[in-house]
Amino acid sequence: MGWFNRRSRSAEATPTKLDREATRDDLAALEAFVASRRGVEFYLEPETTATDTTVVAIAHDGEWIRRRTGTPRAAGDIARKHAVPLYEAARTGYPERMRVWNRAHPERRAR
């Protein structure tokens with residue numbers, strides 16, 4: 001019933017500035033990354049208060065992108081469609097090749 005709820009219902013329905021939902025462009029970017037690189041693996045990152053569920057796509061050489069997927073299910077759908085392995089980043093961590101690539105490409109840290 002919400003009698004003791006301090007927040008109004010309208011406040012719950014209003015997205016905050018930090019609310020970032022997945023878009024078709026996000027999903028298309030993941031698919032383009034998979035299509036243009038070899039050995040891609042997906043690492044699922046859980047939803048946070050600032051952003052939707054995200055996937056880090058990491059290629060064989062360590063190059064990577066991070067995009068929102070909206071839900072873990074959507075991430076799984078893209079992974080199955082492209083026969084890409086999907087790991088939970090919180091359980092497995094990220095591969096060393098990603099860290100090596102980051103060190104070799106310091107310009108990417110500015111993003």
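Visitor: What share of the contacts with a separation of 6 or more is between residues 24 or more positions apart?
Guide: In this predicted model, such residues account for 56% of the contacts in the protein chain with a separation of 6 or more. Contact means heavy atoms within 4.5 Å.

Visitor: Thanks! How many helices and strands are there?
Guide: The protein chain has five helices and four strands. These are DSSP runs numbered from the N terminus: helices are H or I with at least four residues, strands are E with at least two. Along the sequence the pattern reads α-α-β-β-β-α-β-α-α.

Visitor: Which residues touch the most other members of the largest nonpolar core?
Guide: They are Leu 30, Phe 33, Val 40, Phe 42, Val 55 and Ala 57, out of 14 residues in that core. A nonpolar core is a set of buried Ala, Val, Leu, Ile, Met, Phe, Trp, Tyr and Cys residues joined through side-chain atoms within 4.5 Å. Buried means under 20% relative accessible area, exposed over 50%, and partly exposed in between, using a 1.4 Å probe and protein chains only.

Visitor: And what does Leu 30 contact?
Guide: Leaving aside neighbours within four places in sequence, Leu 30 is in contact with Phe 42, Val 55, Ala 57, Ile 65, Arg 67, Thr 69 and Ile 78.

Visitor: New topic: how many aromatic pairs are there?
Guide: A search of the whole structure finds two. Rings of Phe, Tyr and Trp (its six-membered ring) pair if their centres lie within 6.5 Å; planes under 30 degrees apart count as stacked, over 60 as edge-to-face and the rest as tilted. One is Tyr 43 with Tyr 87, tilted, at 5.2 Å centre to centre and 35 degrees between the planes. Tyr 43 sits in strand β1 and Tyr 87 in strand β4, 44 residues apart.

Visitor: Is Tyr 43 buried or exposed?
Guide: Tyr 43 is buried, at 6% relative accessible area, whereas Tyr 87 is partly exposed at 31%.

Visitor: What about the pair with Tyr 94?
Guide: Tyr 43 and Tyr 94 are also tilted, 6.0 Å centre to centre with 50 degrees between the planes. Tyr 94 lies in the loop between α4 and α5 and Tyr 43 in strand β1, so the pair ties together parts 51 residues apart in sequence. Tyr 43, Tyr 87 and Tyr 94 form one aromatic cluster.

Technical notes. Residues are numbered from 1 along each chain as its sequence is written. This is a predicted model: local features need pLDDT of at least 70, side-chain atom pairs count only at pLDDT 80 or more; totals for chains, interfaces and linings use all residues. Side-chain values use heavy atoms; hydrogens and water are left out.
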